[in-house]
Amino acid sequence: MQHQPILATLESLKARPPGASRPVAVYDLDSTLFCTGPRNLAIAHDFAAIRPRIQPFVDKLRAEDMGWNVMADLEALGFQDKAVLAELRAFWRATFFTDHYVAKDWAYPGAVDLVRAVAATGCLTYYLTGRDEPGMRAGTLRSLEECGFPLPGPEVLLHMKPSWEDEDLTFKLASFKELHALGDVVLAFENEPANANRFHREFPAATVVLHATIHAPDPEPLDPGVHRVDTLAVLGLELP
Ligand SMILES: [Mg+2]
């Protein structure tokens with residue numbers, strides 16, 4: 001039942017009258033379509049090769065269970081050395097936002113089928129991500145392709161941050177103007193409640209979905225109009 005709003009939106013897209021403005025579906029990538037656990041795990045293992053003392057704790061991590069912060073995950077497993085954790089934090093910052101590591105992410109179950117099914121109804125696919133263009137575009141394209149997502153082209157756009165320093169939400173808010181110009185936003189997927197709320201307020205007719213995975217600390221309350229799902233594996237989805 002949690003997927004009913006998505007299925008209803010797909011039905012209405014199929015019945016869309018010819019000549020109506022182009023429908024647009026917006027997808028965040030990190031922790032929405034892609035699980036970043038494997039990326040974090042690979043970073044932790046590569047760091048452990050430099051600081052072997054942390055290896056037994058890294059060995060207990062599982063990609064699918066990792067939280068927002070790999071340092072916190074390791075502390076929760078009993079690793080207490082603050083100096084080594086600070087070193088890991090620096091190592092993480094230098095590696096997480098890179099082509100090499102981003103390509104390690106997994107697509108969440110159902111994510112590829114969902115994006116493809118929505119695209120098959122004639123929706124423009126618009127990936128909107130806080131990943132930065134200079135550091136992560138090549139790796140993002142590689143992983144979109146390896147996972148089987150629709151790739152950038154006339155009906156698929158990949159909008160990334162121009163630079164790593166840009167703030168994610170500010171960047172996303174700045175894209176709203178382009179989204180209005182492109183057509184009619186009918187679907188938007190996010191893992192951050194604050195971002196999902198902004199989409200809901202900007203595009204009140206759209207079905208805005210929060211994929212409840214992981215999110216930044218201290219999330220704001222979700223607007224009542226945002227739909228929350230635990231998985232993107234939508235039962236009853238018509239596959240193209
Ligand atoms: Mg995200």
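**Fold, core and strand pairing of the predicted model**

Of the 240 residues of the protein, 36% count as buried (20 or more other C-beta atoms within 10 Å of the residue's own; 12 or fewer is exposed, values in between are partly exposed, and C-beta atoms are placed from the backbone). The structure is a predicted model, in which local features need pLDDT of at least 70 and side-chain atom pairs count only at pLDDT 80 or more, while totals for chains, interfaces and linings use all residues. Residues are numbered from 1 along each chain as its sequence is written.

The protein holds 11 helices and 8 strands (DSSP runs numbered from the N terminus, with at least four residues of H or I for a helix and at least two of E for a strand). Its C-alpha trace spans about 65 × 35 × 30 Å along the principal axes. Among contacts between residues at least 6 apart in sequence, 73% join residues at least 24 apart, a contact being a pair whose C-beta atoms, placed from the backbone, lie within 7 Å.

Domain 1 brings 7 residues to the contact and domain 2 brings 6 residues. On the side of domain 1 that touches domain 2, 5 residues are nonpolar, 1 is polar and 1 is charged; Ala, Val, Leu, Ile, Met, Phe, Trp, Tyr, Cys and Pro count as nonpolar, Asp, Glu, Lys and Arg as charged, and the others, Gly among them, as polar.

The largest nonpolar core has 55 residues, and those with the most contacts inside it are Val24, Ala25, Val26, Tyr27 and Ala188. Such a core is a set of buried Ala, Val, Leu, Ile, Met, Phe, Trp, Tyr and Cys residues joined through C-beta atoms within 7 Å. Strand E6 (residues 184–190) gives the most to this core, with 5 residues. Domain 1 (4–35 + 105–229) and domain 2 (37–95) both contribute residues, so the core lies between them. In soluble globular proteins, nonpolar side chains tend to be buried together. Apart from its neighbours within four places in sequence, Ala188 is in contact with Val26, Phe199, Phe203, Ala206 and Val208.

Strand pairing, which requires at least two DSSP bridges between two strands, was examined next. E1 and E4 pair in the parallel sense over 4 bridges, and Ala25 has Thr125 in E4 as its bridge partner. E4 also pairs with strand E5 (residues 156–161) in the parallel sense, over 6 bridges; here the partner of Tyr126 is Leu157 in E5. Strand E4 (residues 124–132) is largely enclosed by the rest of the structure, because 8 of its 9 residues are buried. E6 and E7 run parallel and are joined by 4 bridges, with Glu190 standing opposite Leu210 in E7. E7 is mostly covered, as 5 of its 5 residues are buried. In a regular strand the side chains alternate between the two faces of the sheet. In E7, Thr207, Val209 and His211 point one way and Val208 and Leu210 the other way, and all are buried.

Helix H11 has Asn195, Ala196, Asn197, Phe199 and His200 as buried residues, and their cover includes helix H9 (168–174), E6 and E7. Ala205 is placed in the loop between helix H11 (193–202) and strand E7 (207–211). This residue is exposed, because 7 other C-beta atoms lie within 10 Å. Ala205 and Trp68 are 137 residues apart in sequence and 31 Å apart in space, C-alpha to C-alpha.

Positive phi values in residues other than glycine include those of Ser31, near 65°, and Asp218, near 55°. Ser31 is found in the loop between strand E1 (23–27) and strand E2 (34–35) and counts as buried, with 21 C-beta neighbours inside 10 Å. Asp218, in the loop between E7 and strand E8 (227–229), counts as exposed, with 6 C-beta neighbours inside 10 Å.

Definitions and conventions:
Contact = placed C-beta atoms within 7 Å. Domains from an automatic or database assignment.
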